[in-house]
Amino acid sequence: MKETKITAMQKRIDGLGRMVIPMEIRTLLGIRTNDVLTVSTDGENVIIKLKTPKCPLCGGSMGNGKRLCDKCIEIIKATE
């Protein structure tokens with residue numbers, strides 16, 4: 001990933017506890033609509049991480065909206 005520095009931004013929490021992640025940060029990190037984010041704390045900081053989907057066959061990382069990882073797709077194609 002190309003390293004890009006984004007100036008820190010201050011965002012307000014709305015009445016329902018929501019905060020908008022700015023588009024330039026979502027684009028930089030590849031966060032899309034309906035992606036799952038994990039929210040945790042280390043005691044004084046809020047930590048937000050993009051949850052990477054796992055392949056149901058091998059447990060490997062997946063991406064691009066696929067149901068299986070590239071490795072498993074290649075193995076299945078090779079056996080057809």
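Good morning, colleagues. Please note at the outset that the model is predicted.

I begin with the secondary structure. The protein contains 2 helices and 2 strands, and along the sequence these follow the pattern α-β-β-α. The radius of gyration is 17 Å, whereas the globule rule gives 12 Å for 80 residues, so the protein is more spread out than a compact globule. As for its dimensions, the C-alpha trace spans about 55 × 25 × 25 Å along the principal axes.

What share of the 80 residues counts as buried? The figure is 9%. Turning to contacts with a separation of 6 or more, residues 24 or more positions apart account for 9% of them. The accessible surface of the protein amounts to about 7300 Å², and carbon and sulfur atoms contribute 54% of that area.

I turn now to the charges. The protein carries 14 positive side chains and 9 negative ones. The centres of these two sets are 3 Å apart.

How many salt bridges does a search of the whole structure find? It finds 1. In a salt bridge, the side chain of aspartate 14 meets that of arginine 18, with an N to O distance of 2.8 Å.

Thank you for your attention.

Conventions:
Residues numbered from 1 in each chain as written. Predicted model: local features only at pLDDT ≥ 70, side-chain atom pairs only at ≥ 80, totals over all residues. Heavy atoms only, no water. Helix = DSSP H or I, 4+ residues; strand = E, 2+ residues; numbered from the N terminus. Rg over C-alpha atoms; globule rule 2.2 N^0.38 Å. Buried < 20%, exposed > 50% of the residue type's maximum accessible area, 1.4 Å probe, protein only. Contact = heavy atoms within 4.5 Å. Areas by Shrake-Rupley, 256 points an atom, 1.4 Å probe, with all protein chains shown as cover. Lys, Arg positive; Asp, Glu negative; His and termini not counted. Charge placed at Lys NZ, Arg CZ, Asp CG, Glu CD. Salt bridge = Lys/Arg side-chain N within 4 Å of Asp/Glu carboxyl O.
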